[in-house]
Amino acid sequence: MRTGTIHRVTGETDVRVTLGLDGSGCCTVNTGVPFLDHMLHQISSHGLIDLEIKALGDTHIDDHHTNEDVGIAVGQALALALGERRGIHRFGHFVAPLDEALVQVVLDCSGRPHLSYGLKIPAQKIGCYDTELVKEFFVAVANNSGLTLHIRQLDGVNSHHIVEACFKAFARSLRQATELDPRRAGAVPSSKGVLA
Ligand SMILES: [Mn+2]
């Protein structure tokens, strides 16, 4: 079982994450940010990634620090679980619909952080969640896991649908990219021999 555990404490947040790549979608998350919890459930459920997350943050100010620090810890836990990235498919691609919304995610477990972010979310808030925090979450995940991540919105009107389709597409892409390729036989999937 490829797992990563992170406990990250700052003056703003205290975040614990355990992530299991070879899981079955077991998910226990409580970040104090309900919409973020809903999205983390998408990653777990559709990525078949076990997630245990507990965050205590300064949400009395707003959700910014907690959202970002959960993203950082999830990215670090993912990097730990991937290790040297041996034997994985490395690339993942999925287009997820949610009613009228359609979002494409393409990713590469390259070791080189990059985010191209193309969501245009019409509402400023979903419940009490600031929709500009979606980008901040994926910046944190990409930077701390070494993912090359491209997110494109192909269609969508409803903000909740657009964001949820994005997390579902991310989950399925991540599952595809991180699953073991039997033909790779434990080798690092790079012509350079190293993904870091
Ligand atoms: Mn929903």
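**Close-up views of a predicted model**

View 1. His-114 stands opposite Thr-148 in β10. This is a predicted model, in which local features need pLDDT of at least 70, side-chain atom pairs count only at pLDDT 80 or more, and totals for chains, interfaces and linings use all residues. Residues are numbered from 1 along each chain as its sequence is written. Strands (E, at least two residues) and helices (H or I, at least four) are DSSP runs, numbered from the N terminus. Five bridges join β7 to β10 (residues 148-155). The two strands run parallel. Ser-116 has His-150 as its bridge partner in β10.

**View 2. The sheet with β5, β6, β10 and β7.** This open sheet has four strands, in the order β5-β6-β10-β7. Its pairing is mixed. Two strands pair if DSSP finds at least two bridges between them. Strands of a sheet pair through backbone hydrogen bonds, either parallel or antiparallel. At the edges are β5 (91-98) and β7 (114-118), each pairing on one side only. Neighbouring strands are turned by 10 degrees against each other on average, direction ignored. Between β6 and β10 the sense is antiparallel, over seven bridges. There, Leu-107 has Leu-149 of β10 as its bridge partner.

**View 3. Helices across that sheet.** Helix α3 (residues 133-145) lies across β7 and β10. It runs at about 160 degrees to β7. Helix α4 lies across β5, β6 (101-108) and β10, at about 150 degrees to β5. Axes are lines fitted to C-alpha atoms, for helices over the stretch in contact, and angles run from 0 to 180 degrees between N-to-C directions.

**View 4. The sheet with β1, β2, β4 and β3.** Four strands form this open sheet, in the order β1-β2-β4-β3. Here too the pairing is mixed. The edge strands are β1 and β3 (27-30), and each pairs on one side only. From one strand to the next, the twist averages 5 degrees. β3 and β4 (residues 50-57) run parallel and are joined by four bridges. Val-29 has Ile-53 of β4 as its bridge partner. Helix α1 packs on the sheet, touching β3 and β4. Its direction makes about 160 degrees with that of β3. Helix α2 (residues 64-82) also packs on the sheet and touches β1, β2 (13-20) and β4. The direction of α2 makes about 35 degrees with that of β2.

**View 5. Where α1 meets α4.** Two packed helices are described by the angle between their axes and the distance between the axes. For α1 (residues 34-47) and α4 (residues 159-178), the angle is about 35 degrees and the axes are 8 Å apart. α1 passes α4 in a right-handed crossing, meaning that the near helix is turned clockwise from the far one by less than a right angle. Contact residues of α1 include Met-39 and Ile-43. Among those of α4 are Phe-167, Ala-171 and Leu-174. Two residues are in contact if their C-beta atoms, placed from the backbone, lie within 7 Å. The contact holds seven nonpolar, three polar and four charged residues. Ala, Val, Leu, Ile, Met, Phe, Trp, Tyr, Cys and Pro count as nonpolar, Asp, Glu, Lys and Arg as charged, and the others, Gly among them, as polar.

**View 6. Cys-166 in the largest nonpolar core.** In soluble globular proteins, nonpolar side chains tend to be buried together. A nonpolar core is a set of buried Ala, Val, Leu, Ile, Met, Phe, Trp, Tyr and Cys residues joined through C-beta atoms within 7 Å. The largest one has 57 residues. Val-103 and Cys-166 have the most contacts inside it. α4 gives the largest share, 10 residues. Cys-166 touches Val-103, Val-105, Leu-119 and Ile-151, not counting residues up to four places away in sequence.

View 7. Leu-174 is found in helix α4. It is buried because 26 other C-beta atoms lie within 10 Å. Buried means 20 or more such atoms, exposed 12 or fewer, and partly exposed in between, with C-beta atoms placed from the backbone. Leu-174 touches Gly-47, Gly-92 and Leu-107, not counting residues up to four places away in sequence. Val-9 lies in strand β1 (residues 3-9). Val-9 is exposed, with 11 other C-beta atoms within 10 Å. Val-9 and Asp-69 are 60 residues apart in sequence and 9.2 Å apart in space, C-alpha to C-alpha.
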